Amino acid sequence: MTLTVTLLHPGQMGAAVGAQAVAAGHRVLWVPHGRSQETRRRAQEAGLTAVPSLRAALDASDIAISVCPPGAADQIACDVNELRFTGLYLDANAISPQRVRRIADGMQAPVLDGAIIGPPPCDKKTARLYVSGAPQAAGQIQELFKGTAVEVREAGRDLGSASALKMAFASFQKSARTLAAVAHALADTHGVSDLLTEEAKTMPSAILSDPGYLPSVAARAWRWRDEMGDIAATLRAAALPTGIADATAAVLHLWEDDEDKRDMPVREVLARLREQPR
């Protein structure tokens, strides 16, 4: 079955996702009015079909897909809703579960929660599109991207579950890269960048994929928290931001009563983080 889709924001990721739908034989529409030359180039290369207005696009579409900067997600949904679109609305933005549910509450169209993890999909790279919500809606998206570099995975029936996964994954992925920048800036200040790079090669690669080691982190938190104070002082002396070190110390504080409890269940270790600081 051939579907017609409105792609609401053909940025780098959006255009790549749209291109996969086009490659699968579907028609993907977009509105070039007010868009940059770079966006127009991406849309053309992706095989998207230009239409004169958002109304014209939505009137012809079975599905509307929002892949936009997070700050624009609510306004784009509002624009679609004002035109009384009643097809399937896929919000595939990096936003909180609360925002997805708020958007859904205000929409006339059925809403499916989506979260894209991975690089812009192409012939050599795949992206995972996690969806949560009504199974029938999830099935439509699976049909749309069948046989493409967009791998559709279900994250459950609860609207917001896909976005929760994205928030959890991105909280580590993006924070880790930011922390790496601060660490390299500190090493550079003291002329030890090469040594830091060499030491980094000895680090385990399963920090996020293997939560089984977390009880050992909680068991050592009492000592690591004090170390974070000295790390913050070192960063401050180098005129670098201390926020990450301060925040880490605050989290470690939640495990202060777990000294040497290396046999705690992982679930219990994680539950400690839901407690308020004393």
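A residue is called buried when its relative accessible area is under 20%, exposed when it is over 50%, and partly exposed in between, using a 1.4 Å probe and protein chains only. The model shown is predicted, so local features need a pLDDT of at least 70 and side-chain atom pairs count only at pLDDT 80 or more, whereas totals for chains, interfaces and linings use all residues. Residues are numbered from 1 along each chain as its sequence is written, and side-chain values use heavy atoms, with hydrogens and water left out.

View 1. Helices (H or I, at least four residues) and strands (E, at least two) are DSSP runs, numbered from the N terminus. The C-alpha trace spans about 60 × 40 × 35 Å along its principal axes. Of the 278 residues in the chain, 39% are buried. A contact means heavy atoms within 4.5 Å. Among contacts between residues at least 6 apart in sequence, 61% join residues at least 24 apart.

**View 2. Gln20 sits in helix H1 (residues 12-23).** Is Gln20 buried or exposed? With a relative accessible area of 10%, Gln20 counts as buried. Setting aside residues up to four places away in sequence, Gln20 touches Pro121, Cys122, Phe145, Thr148, Ala149 and Val150.

**View 3. Asp113 belongs to strand S6 (residues 111-117).** Its relative accessible area is 0%, so Asp113 is buried. Beyond its neighbours within four places in sequence, the residues in contact with Asp113 include Leu90, Asp91, Val100, Tyr130 and Ala162. A polar contact is a pair of N or O atoms within 3.5 Å; within protein, one atom must be able to donate a hydrogen and the other to accept it, and residues adjacent in sequence count only if both atoms are side-chain atoms. A polar atom of the Asp113 side chain lies 3.2 Å from the backbone nitrogen of Ala162. For a sense of distance, Asp113 and Pro69 are 44 residues apart in sequence and 16 Å apart in space, C-alpha to C-alpha.

**View 4. Arg99 lies in helix H5 (residues 97-105).** The relative accessibility of Arg99 is 19%, so Arg99 counts as buried. Which residues does Arg99 contact, leaving aside its neighbours within four places in sequence? They are Pro70, Gly71, Ala73 and Asp74. With Asp74 there is also a polar contact, side chain to side chain, at 2.4 Å. By contrast, Ser36 is 28 Å from Arg99, C-alpha to C-alpha, and 63 residues away in sequence.

**View 5. Arg272 is placed in helix H11.** Arg272 is buried, with a relative accessible area of 16%. Not counting residues up to four places away in sequence, Arg272 touches Leu254, Trp255, Asp258, Lys261 and Met264. The side chains of Arg272 and Asp258 are joined by a polar contact of 3.0 Å.

**View 6. Helices H7 (residues 161-189) and H8 (residues 193-200) pack against each other.** Two packed helices are described by the angle between their axes and the distance between the axes. Axes are lines fitted to C-alpha atoms, for helices over the stretch in contact, and angles run from 0 to 180 degrees between N-to-C directions. Here the angle is about 140° and the axes are 8 Å apart. Angles under 35 degrees count as roughly parallel, over 145 as roughly antiparallel, 65 to 115 as roughly perpendicular and the rest as oblique; H7 and H8 are therefore oblique to each other. On the H7 side the contact is made by Ala183, His184, Ala187 and Asp188, and on the H8 side by Ser193, Leu196 and Thr197. Sorted by class, the contact has three nonpolar, three polar and one charged residues. In this scheme Ala, Val, Leu, Ile, Met, Phe, Trp, Tyr, Cys and Pro are nonpolar, Asp, Glu, Lys and Arg are charged, and the others, Gly among them, are polar.

**View 7. Arg84 and Asp260 are seen in their loops.** Arg84 lies between helix H4 (73-82) and strand S5 (88-91). Its phi is near 60°, a positive value in a residue other than glycine. Arg84 is exposed, at 61% relative accessibility. Asp260 is in the loop between helix H10 (243-253) and helix H11 (266-272). The phi of Asp260 is near 65°, also positive and also in a residue other than glycine. Asp260 is exposed, at 54% relative accessibility.

View 8. A disulfide is a pair of cysteine sulfur atoms within 2.5 Å. By this rule the count is zero disulfides. Cys68 is buried, with a relative accessible area of 10%, while Cys78 is partly exposed, with 33%.
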